Amino acid sequence: LDFWAKSRRDGDLAPMHSIAHHGMDVAACASVLLDTFRAPVGVPSEALAALIALHDIGKFTRTFQGKVELLAAIARPYEKPVAGYPHDDCGFALLAGELAEQLDPLFANWRSASARDPLLRAITGHHGRP
């Protein structure tokens, strides 16, 4: 909960919103939308909402956390896998790389890890990239 996702740029501690809370907010909204529109992507709605909760996982990196010096001092950010890159690129690298094994249960019906990449790119690239 020490890692920030949303903050005022002036570094004021009071309006900080943690990555965990932001992820849950987004997952709740996604869950309602998924139940409403039932997009057929081959992943159960609950699993897709869990993935969407991870959309900002790249914000756990030193590159992102260092954007607000006061807040960066609170947490010890993850330094790999793509230090110096935007949080969306870092998030994809984490989900498709080091954390891929932990995501396996969400993709039980998919034949290959490479089939996941388009979905993971859409989730982590929510700012229009990568």
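Helices (H or I, at least four residues) and strands (E, at least two) are DSSP runs, numbered from the N terminus. On this basis the protein has seven helices and two strands, and from the N terminus on they run β-β-α-α-α-α-α-α-α.

The model is a predicted one: local features need pLDDT of at least 70, side-chain atom pairs count only at pLDDT 80 or more, and totals for chains, interfaces and linings use all residues. Residues are numbered from 1 along each chain as its sequence is written, and side-chain values use heavy atoms, with hydrogens and water left out.

Of the 130 residues, 37% count as buried (under 20% relative accessible area; exposed is over 50%, partly exposed in between, with a 1.4 Å probe and protein chains only). The accessible surface comes to about 7,600 Å², by the Shrake-Rupley method with a 1.4 Å probe; carbon and sulfur atoms hold 58% of that surface. Among contacts (heavy atoms within 4.5 Å) with a separation of 6 or more, 54% join residues 24 or more positions apart.

**Aromatic rings**

Two aromatic pairs are found in a search of the whole structure. Rings of Phe, Tyr and Trp (its six-membered ring) pair if their centres lie within 6.5 Å; planes under 30 degrees apart count as stacked, over 60 as edge-to-face and the rest as tilted.

| Pair | Centre to centre | Angle between planes | Class |
|---|---|---|---|
| Phe 3 and Phe 60 | 5.0 Å | 65 degrees | edge-to-face |
| Trp 4 and Phe 64 | 4.5 Å | 35 degrees | tilted |

Phe 3 is buried at 18% relative accessible area, whereas Phe 60 is partly exposed at 28%.

The pair of Trp 4 and Phe 64 joins strand β1 to helix α3 across 60 residues. Trp 4 is buried, with a relative accessible area of 3%, and Phe 64 is buried at 8%.

**Helix packing**

The axes of α1 (residues 19-37) and α2 come within 8 Å and cross at roughly 145 degrees. Axes are lines fitted to C-alpha atoms, for helices over the stretch in contact, and angles run from 0 to 180 degrees between N-to-C directions. Residues of α1 including Gly 23, Ala 27 and Leu 34 meet residues of α2, among them Leu 48 and Ile 52.
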